Amino acid sequence: TDEIREHAAIEIDVEGEGEGAFYIELGEGRTVVEPYEYYDKDCRIRTTADVITELLLGTLDLDTAVSTGRLRIEGNRAKFDLLAYTLKEAVAKKAAAGKTTSKKTTAKKTAAKKTDDGTAAVETAEKKKAARATSAKKTTAKKSAAKENADETASVATTEKKPAVKKPAAKKTAAKKTVANDDATETKPATKKPAAKKTSSKKQAE
């Protein structure tokens, strides 16, 4: 209302639920709202609380409210136009402020999401790194266990394949050969040398 310099007093009568009256006084760059009737009013507006709420929220246009009969005007229409201008400016500023707040909130949410995503990425990377380390440890443990099992298996196989030395059997064989030689010596016939000597004596006698 900084641009409004002329005076205007507009009474608003609320009908139906929330019934009552208040007035808006404009002039000298200021706005005054009081919950009373204004006897020297320039114009009067008759409407419902719902229409006023919709007008203030910007969900209903003032011209539409007038053309559809949801808002009725009595008195000086020019003074009403001052109020209409003020209302439109206020709604536009409120909408712009709401958009700015919405953008800031969205920006904060986006920044928070990025931060969360970054944290999540770091946590995921750390989890993957830890998982790799655990997997490597498990693989090393498996290889060590497999190697130990292989060594044990090879040791057992070598022990099983190694032939037993039968030294006593060899000794027995040698003993048998000795006994056989003794037998052969015993059965060998004796040489009759004395008979040869007798023949020689006989020849000499002749």
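**Close-up views of a predicted model**

View 1. Helix H1 (residues 49-57) lies across strand E1 (8-15), E2 and E4, running at about 100° to E4. Helices (H or I, at least four residues) and strands (E, at least two) are DSSP runs, numbered from the N terminus. Contact means heavy atoms within 4.5 Å; axes are lines fitted to C-alpha atoms, for helices over the stretch in contact, and angles run from 0 to 180 degrees between N-to-C directions. The model is predicted: local features need pLDDT of at least 70, side-chain atom pairs count only at pLDDT 80 or more, and totals for chains, interfaces and linings use all residues. Residues are numbered from 1 along each chain as its sequence is written, and side-chain values use heavy atoms, with hydrogens and water left out.

**View 2. The open sheet.** Five strands, in the order E3-E2-E1-E4-E5, make up an open sheet with mixed pairing. At its edges are strand E3 (30-34) and strand E5 (72-75), each pairing on one side only. On average, neighbouring strands of this sheet are turned by 20° against each other, direction ignored. Two strands pair if DSSP finds at least two bridges between them.

**View 3. Two antiparallel strand pairs.** Strand E4 (residues 43-48) and E5 run antiparallel and are joined by 4 bridges. Arg 46 has Arg 72 in E5 as its bridge partner. E2 and E3 are also antiparallel, over 5 bridges, and here Tyr 23 has Glu 34 in E3 as its bridge partner. The hairpin formed by E2 and E3 has 2 residues between the strands, and Glu 28 in the turn has a positive phi of about 55°.

**View 4. Glu 25 in strand E2.** Glu 25 belongs to strand E2 (residues 20-27). The side chains of Glu 25 and Tyr 38 make a polar contact (3.5 Å).

**View 5. Asp 13 in strand E1.** Asp 13 is found in strand E1 and counts as buried because its relative accessibility is 11%. Its side chain is joined to that of Arg 44 by a polar contact of 3.2 Å. A polar contact is a pair of N or O atoms within 3.5 Å; within protein, one must be able to donate a hydrogen and the other to accept it, and residues adjacent in sequence count only if both atoms are side-chain atoms.

Key: Buried means under 20% relative accessible area, exposed over 50%, partly exposed in between (1.4 Å probe, protein chains only).
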